[in-house]
Amino acid sequence: MRLSEHFDLNELTVSQEAVRLGIDNTPGLAEIACLGDLCIHVLEPARELAGQPIFPSSGFRCLALNRAIGSGDNSQHILGQAVDCLAKGYTVQDFFELIRSSNIPYDQLIQEYSRWVHISYRAKPRRQALYAVKENGQTKYEAA
C-alpha cells in the first residue's frame with residue numbers, strides 16, 4: 001500500500017525482530033493514517049530537501065514489539081507517528097542538521113547515538129530537536 005509518492009506501508013512496518021519473535025506488527029487504520037501523514041508532511045519534504053532517497057529502518061512498532069526492543073510505552077512509533085531513518089549520501093549528523101535547519105514540521109527530531117535520525121510528526125508539532133546518548137547503560141536526551 002502506497003502512503004506517498006516514495007514510501008509504502010511495508011517499508012514502514014517491516015521488522016526483522018518482529019519476525020524473529022513471532023510478533024504481528026500490523027498497524028490499524030489509525031496508525032496507517034498517521035504513517036501517511038508522517039510520509040506526506042515530513043519524509044517527502046525531507047527527501048526533496050536532501051535530494052536523495054531516505055531509508056527507514058524502523059517505523060510503526062506495535063506495543064509488543066516496542067516493549068520487546070526495550071523502548072518506552074510512550075514512543076510515537078506505537079502510534080505510527082515516528083520513523084528512524086538515514087538519507088543516502090549523508091552522515092547522521094549532516095542529515096539531522098539538514099532537517100533541523102529546515103521548515104519541515106517535525107514534532108521530534110532525535111539524533112540517536114550517531115547511528116540514525118528519529119523523526120516524528122503530529123498535527124501540532126513541537127519542533128523539539130534532541131541528541132540521544134547512552135550514560136551508564138541508560139538513554140539520556142539532551143537539547144540539540
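Colleague: What is the volume of the largest pocket?

Modeller: The largest pocket has a volume of about 830 Å³. Keep in mind that this is a predicted model.

Colleague: What makes a residue part of the lining of that pocket?

Modeller: A lining residue has an atom within 4 Å of a point of the pocket. For the largest pocket, 30 residues line it. R61, I69, S71, D84 and E112 lie nearest its centre.

Colleague: Which strand gives the most to this lining?

Modeller: β3 does, with three residues. At least two residues each come from α1, β1, β3, β4, β5 and β6.

Colleague: How do the lining residues divide into nonpolar, polar and charged?

Modeller: Nine are nonpolar, 15 are polar and six are charged.

Colleague: Now the sheet. In what order do its strands run?

Modeller: The order is β1-β2-β4-β3-β5-β6. These six strands form an open sheet, and the pairing is mixed.

Colleague: Why are β1 and β6 called edge strands?

Modeller: β1 and β6 each pair on one side only. On average, neighbouring strands of this sheet are turned by 35 degrees against each other, direction ignored.

Colleague: How do you know that β3 and β4 pair?

Modeller: Two strands pair if there are at least two bridges between them. β3 and β4 have four bridges, in the antiparallel sense. So by the cut-off of at least two, they count as a pair. One example is E112, whose bridge partner in β4 is W116.

Colleague: What are the pairings of β2 with β1 and with β4?

Modeller: β1 and β2 pair in the antiparallel sense over four bridges. S58 has D84 as its bridge partner in β2. β2 and β4 also pair in the antiparallel sense over four bridges. There, A82 has S120 as its bridge partner in β4.

Colleague: Why is β2 called largely enclosed by the rest of the structure?

Modeller: Because five of its six residues are buried.

Colleague: Where does I78 sit?

Modeller: I78 is in the loop between α3 and β2.

Colleague: Why does I78 count as buried?

Modeller: Buried means under 20% relative accessible area. I78 has 16% relative accessibility, so I78 counts as buried.

Colleague: What is I78 in contact with, leaving aside neighbours within four places in sequence?

Modeller: I78 is in contact with E31, F60, R61, L63, N66, G72 and D73.

Colleague: How far apart are I78 and L65?

Modeller: In sequence, I78 and L65 are 13 residues apart. In space, they are 9.0 Å apart, C-alpha to C-alpha.

Key: Residues are numbered from 1 along each chain as its sequence is written. This is a predicted model: local features need pLDDT of at least 70, side-chain atom pairs count only at pLDDT 80 or more; totals for chains, interfaces and linings use all residues. Side-chain values use heavy atoms; hydrogens and water are left out. On a 1 Å grid over the protein atoms alone, a cavity is a set of points where a 1.4 Å probe fits but cannot get out, and a pocket is an open set with protein on both sides within 12 Å along at least five of seven lines; lining residues have an atom within 4 Å of a point. Grid points are joined across faces, edges and corners, and a volume is the space filled by probe spheres set on the points. Ala, Val, Leu, Ile, Met, Phe, Trp, Tyr, Cys and Pro count as nonpolar, Asp, Glu, Lys and Arg as charged, and the others, Gly among them, as polar. Axes are lines fitted to C-alpha atoms, for helices over the stretch in contact, and angles run from 0 to 180 degrees between N-to-C directions. Buried means under 20% relative accessible area, exposed over 50%, partly exposed in between (1.4 Å probe, protein chains only). Contact means heavy atoms within 4.5 Å.
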